Amino acid sequence: MSAVTPMVQAEGVSKSFGTNHVLRGIDLTVDPGEVLCIIGPSGSGKSTFLRCINHLERVDAGRLAVDGQVVGYRQHGDKLYELKPKEAARQRREIGMVFQRFNLFPHMTALENVIEAPIRVKGLAKGRAVERAEELLERVGLGDKGDHYPSQLSGGQQQRVAIARALAMDPKLMLFDEPTSALDPELVGEVLDVMKGLAASGMTMIVVTHEMGFAREVADAVVFMDGGVVVESGDPSEVLANPRHERTKAFLSKVL
Amino acid sequence: MSEGIQARPAGAVPPPAGSRAAAEPIKAGKLRHPWRIVFAVVLIALVVLFVIDAAQRQAYGWQYVGKYVFDRRISAAALVTIQLTVYSMIIGVLLGLVLAVMRLSPNPVVKSVAWLYLWIFRGTPVYVQLVFWGLFSLIYPHIFLGVPWTSLGYSLSLGFMQNAFIIAFVGLALNEAAYMAEIVRAGLLSVDTGQEEAATALGMSWWQTMTRIIIPQAMRVIIPPTGNEVISMLKTTSLVAAIPLTTDLYGVARDISAVTYTPIPLLIVASLWYLLFTSILMVGQFFLEKRFSRGVNARRPDRAAAAGVLPAAGAPDGNDLGGKG
């Protein structure tokens, strides 16, 4: 056990939609600078868990903390109080999120997409925000596409703009929700390359993915989820090459 | 990490398919449509006959049409009609926006109140509503603002509710708001939920998300029907006779004809003015729709071609402006 505060700590995190128990007690820890890949069949609760981390979904039971702070709640003594929207927004802006379907703002250019939140949420001066956005677009290989609207960009380019948009808030944690699942196969590589670079720069990342190659190469840890629980977790080479659990074996034999 | 991530090479557009040698053009006898010509000729003949007949018919009183069409009283009344349209649409759109947001509220009471408003105002004729507002000051001569069943507070006179012009545009606006609420609601619902999520994840507040992200995108769906509502409102203003207000275009035309005993030419005069205004609005509507549909199907080929951009074909692309609307 390290002395540093874990970036993400989940203890018995549970979530249900009506009678559908999507998460049935998730325990996991992500240390700063670590890259965690979550794999598993669809409907296993991977995306829901990711959405709980930045409070897009409310956790029903258990405890979920980011950088030592309980997500979505304020701790006062032993009791938890739900956060006001403003306070929840403050928590969220430290956590970047990249969506499966990019969710770029279609009425804004790539550059405008990236500068929107820094200006509106952080109150950054426009000149400074543009400077930073150009830097970030350069970093994801789209330095010349700043004035393009999302509809003029390929899926891979859109997803890279979405990554730049999330990075513009200087997050301490980045969440990726199947970032390459909506892409044509030949566009997957360019997005994964950007994510590899980001991992190499020391960003803490949680990636829900079906890209086993990426998990093996980049992840510090892999978690296999099924039926709302963590079935198996550990070193990527261990979990992916020598899975101990039957369900993990069955899943990997289908996707590898 | 700035290393090695290359943008897509420019000009990576696949070669056009089917570049085979051009085939011989087909030479065939054209299919004829004799009935089309017959119908066209019959219709033209009927229209011409009607115009010739109307020009000679005394009852139309064309000399009065010419005399009154640019009458000072008529043009002043036309201005009143425009004012009624503009004021009632502005209030109607704003109130409609509030009602639409109320209908999408998670608070069931707020939602129900908005629904009740829509139920009443869309379920009763606007003419009846206007008569009602005309009688409003009889029901409520003044309003007491203060603690109920005590004398703490003060009484607000509703004298201004006897001003027919104010009643007219307020009454029209209250009715319009119910229709605008549905238009705005459809617009807000047309925006992909991922947009709100993305904005929320970036730490934007509800207000910022609405004003910066959702409403600008909803406008594309909201603008065209709102243009129709403006045109419709211009004509509906003629119903203010119910209040009664008689300074609008139709009211003044009627007043003049009551003195001169020439109702038909003055109906034509009023209609010409209404047609003039609706025509102008329809032209404006055309350009507005063109502007707001920009980027929906078109990818601004000028720039896309120059940059060598591939359309993201096949990707379930929630951001693409197309698809909805």
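In this predicted model, helix α7 (residues 164–189) of chain B packs against α9(B) at an angle of about 140°, and the two axes are 8 Å apart. Angles over 145 degrees would count as roughly antiparallel and those of 65 to 115 as roughly perpendicular; α7(B) and α9(B) are therefore oblique to each other. Their crossing is right-handed. On the side of α7(B), the contact is made by Leu172(B), Glu176(B), Tyr179(B), Met180(B), Ile183(B), Val184(B), Ala186(B), Gly187(B) and Leu188(B). The residues that α9(B) contributes include Met210(B), Ile214(B), Ile215(B), Ala218(B), Val221(B), Ile222(B) and Pro225(B), and also Thr226(B), Glu229(B), Met233(B) and Thr236(B). In general, an α-helix has 3.6 residues a turn, so residues three or four places apart point the same way.

Helix α9 (206–236) of chain B also takes part in covering a helix of chain A: together with α4 (126–139) and α5 (155–167) of chain A, α9(B) is included in what covers the buried residues of α3(A). Helix α3 of chain A spans residues 110–120 and is mostly covered, with eight of its 11 residues buried. The buried residues are Ala110(A), Leu111(A), Asn113(A), Val114(A), Ile115(A), Glu116(A), Ala117(A) and Pro118(A).

Chain A also contains an open sheet of six strands, which follow the order β8-β9-β10-β3-β11-β12 with mixed pairing. At its edges are β8 (95–98) and β12 (229–234) of chain A, each of which pairs on one side only. Direction ignored, neighbouring strands of this sheet are turned by 15° against each other on average. Within the sheet, strand β3 (residues 35–39) and strand β11 (residues 221–226) of chain A pair in the parallel sense over four bridges. Ile38(A) has Val223(A) in β11(A) as its bridge partner.

A single residue of chain A may now be considered. Leu23(A) belongs to strand β2 (residues 20–30) of chain A. Its relative accessibility is 2%, and because buried means under 20%, Leu23(A) counts as buried. Apart from neighbours within four places in sequence, Leu23(A) is in contact with Val13(A), Ser14(A), Lys15(A), Gly45(A), Thr48(A), Phe49(A), Cys52(A), Met225(A) and Gly228(A). The C-alpha atom of Leu23(A) is separated by 27 Å from that of Lys86(A), the two residues being 63 residues apart along the chain.

Terms used: Residues are numbered from 1 along each chain as its sequence is written. Chains are lettered from A and ligands numbered from 1 in the order in which they are written. This is a predicted model: local features need pLDDT of at least 70, side-chain atom pairs count only at pLDDT 80 or more; totals for chains, interfaces and linings use all residues. Side-chain values use heavy atoms; hydrogens and water are left out. Buried means under 20% relative accessible area, exposed over 50%, partly exposed in between (1.4 Å probe, protein chains only). Helices (H or I, at least four residues) and strands (E, at least two) are DSSP runs, numbered from the N terminus. Contact means heavy atoms within 4.5 Å. Two strands pair if DSSP finds at least two bridges between them. Axes are lines fitted to C-alpha atoms, for helices over the stretch in contact, and angles run from 0 to 180 degrees between N-to-C directions. Angles under 35 degrees count as roughly parallel, over 145 as roughly antiparallel, 65 to 115 as roughly perpendicular and the rest as oblique. A crossing is left-handed if the near helix is turned anticlockwise from the far one by less than a right angle, and right-handed if clockwise.
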